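This briefing concerns the fold of one protein. Please consult the sequence and the structure shown here before reading on.

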Amino acid sequence: MATIPEMLTLRQAAAKTGLSYDYLRKLCLQKKIIFVKAGNKYLINMEKLTAFLNGEDVTAGRKTLIHTERFTGRIRKAEGKEE
């Protein structure tokens, strides 16, 4: 059975790690760490953040995200190419 990862907001992760909110947000925007955006909040996978801080490449083998357009129902790749 898979375990549920510990996901923290940027502020929670900053408090837990001692890193600044702005630095963690920058890592998310540069896609250097694993995160999920829920509304306007970034949720960071703490296991992956710890691995990143220990020098591991956490984005290797990461799948390309697929975005669904809200009203048309068309699916396109994150790079903007329609299928």
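Which strands does helix α2 lie across, and at about what angle does it run to β3? Helix α2 (residues 21-29) lies across β2 and β3, and it runs at about 85° to β3. The model is predicted: local features need pLDDT of at least 70, side-chain atom pairs count only at pLDDT 80 or more, and totals for chains, interfaces and linings use all residues. Residues are numbered from 1 along each chain as its sequence is written, and side-chain values use heavy atoms, with hydrogens and water left out.

**Overall architecture**

- The protein has three helices and five strands, these being DSSP runs numbered from the N terminus (helices H or I, at least four residues; strands E, at least two).
- Along the sequence, the pattern is β-α-α-β-β-α-β-β.
- Of the 83 residues, 22% count as buried, where buried means under 20% relative accessible area with a 1.4 Å probe, protein chains only.

**The sheet and the helix packed on it**

- Three strands form an open sheet in the order β1-β3-β2, with antiparallel pairing; two strands pair if DSSP finds at least two bridges between them.
- The edge strands, β1 (7-9) and β2 (35-38), each pair on one side only.
- From one strand to the next, the twist averages 30°; axes are lines fitted to C-alpha atoms, for helices over the stretch in contact, and angles run from 0 to 180 degrees between N-to-C directions.
- Four bridges join β2 and β3 (residues 41-45) in the antiparallel sense, and Lys37 has Tyr42 as its bridge partner in β3.
- Helix α3 (residues 46-53) packs on the sheet and touches β1 and β3, its direction making about 65° with that of β3; contact means heavy atoms within 4.5 Å.

**The nonpolar core**

- The largest nonpolar core has 13 residues, and Leu10, Ala13, Leu24, Cys28, Ile33, Ile44 and Leu49 have the most contacts inside it; such a core is a set of buried Ala, Val, Leu, Ile, Met, Phe, Trp, Tyr and Cys residues joined through side-chain atoms within 4.5 Å.
- The elements giving two or more residues to this core are α1 (10-17), α2, β3 and α3.
- Not counting residues up to four places away in sequence, Ile44 touches residues including Leu10, Leu24, Cys28, Phe35 and Leu49.

**The buried side of α2**

- Leu24, Leu27 and Cys28 are the buried residues of α2.
- These residues lie on the same side of α2 because they cover an arc of only 100° around the axis, taken from the directions from the helix axis to the C-beta atoms.
- Their cover includes α1, β2, β3 and α3.
- Just after α2, Lys31 takes a positive phi of about 60°.

Notes: Buried means under 20% relative accessible area, exposed over 50%, partly exposed in between (1.4 Å probe, protein chains only).
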